[in-house]
Amino acid sequence: MNRTGPLLLVAGAEFLHLAPAAVRLPVLRRTVARRTAGHGTDPGHVALTFDDGPDPRSTPYVLDALDELGARATFFLLGAMLERAPALGRELVARGHEVAVHGWHHRRQWYPAPVRDLRELRRATEAVAELCGARPLWYRPPYGVLTAGPALAARRLGLRPVLWTAWGRDWTADATGDSVFSTARPGLTGGATLLLHDSDCTSAPGSWRATLAALPLIAAHCRTRALTLGPLRDHAVPGPGFPNSGRESS
């Protein structure tokens, strides 16, 4: 029995599923995928974003630090984390921050599962909207791996995928405030999107403390260069421009 045909079909489906993940390549981020990468058009703004919360053990410390710095941010929330700390999700919005979607679970979507992808992303989006009281505009896939299933689900739900242009590698066991800042510093230019983490739920235990220590250094660096730290909503990155934005299409 010739199995070449079915194998080619499977391989083709897997290729199409993984193709959008190519936006992680630096050359594409700088050219055709600038919006997805998070490049803003405001030369005086840096988008400050946090992943993996809300986490009652760490997020409140990050919120207090941001208050002291007079900065606001976009928090990409995991549905499973938000479900356990809904009051903290509402506090994010009450304190002036923007909430966005990071998925329900923090896992890579390597294999095609469009029904599951839509179901889980819809569940996470609805949880953010209902528990935080604010409609999310943005979606960041876990690990920054944007495959076809979640990308299409995000489009259907009226979310724009956004990755990042700078990070601090704050998830590692040996991260410190200085190391996070020095790693992020080269990318802290006008229009950048900075990735940090307000939880260690998928990182080295206690790594969020390095993020906390880095925040004043990052803020001071931006201030001396007349750059404003703020959420994606102020970043001059076009929001979802899909038909029926804000509700699922039929």
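1. How many residues in the lining of the largest pocket are nonpolar, how many polar and how many charged? The lining has 7 nonpolar, 6 polar and 4 charged residues. Ala, Val, Leu, Ile, Met, Phe, Trp, Tyr, Cys and Pro count as nonpolar, Asp, Glu, Lys and Arg as charged, and the others, Gly among them, as polar.

2. The model is a predicted one, in which local features need pLDDT of at least 70 and side-chain atom pairs count only at pLDDT 80 or more, while totals for chains, interfaces and linings use all residues. Residues are numbered from 1 along each chain as its sequence is written, and side-chain values use heavy atoms, with hydrogens and water left out.

3. The volume of the largest pocket is about 240 Å³. Of its 17 lining residues, His106, Tyr143, Trp171, Leu195 and His197 are the closest to the centre. A pocket is an open set of points on a 1 Å grid over the protein atoms alone, where a 1.4 Å probe fits, with protein on both sides within 12 Å along at least five of seven lines; lining residues have an atom within 4 Å of a point. Grid points are joined across faces, edges and corners, and the volume is the space filled by probe spheres set on the points.

4. At least two lining residues come from each of strand E1 (45-53) and strand E7 (193-197). Strands (E, at least two residues) and helices (H or I, at least four) are DSSP runs, numbered from the N terminus.

5. There are 4 aromatic pairs. Trp164 and Trp167 form a stacked pair, 5.9 Å centre to centre with 25° between the planes. Trp167 and Trp171 form an edge-to-face pair, at 5.0 Å and 70°. Rings of Phe, Tyr and Trp (its six-membered ring) pair if their centres lie within 6.5 Å; planes under 30 degrees apart count as stacked, over 60 as edge-to-face and the rest as tilted.

6. Trp164 is buried, at 6% relative accessible area, whereas Trp167 is partly exposed at 27% and Trp171 is partly exposed at 24%. Buried means under 20%, exposed over 50%, and partly exposed in between (1.4 Å probe, protein chains only).

7. In helix H8 (residues 148-156), the buried residues include Ala148, Gly149, Pro150, Ala153 and Ala154. Gly158, which follows H8, has a positive phi, near 75°.
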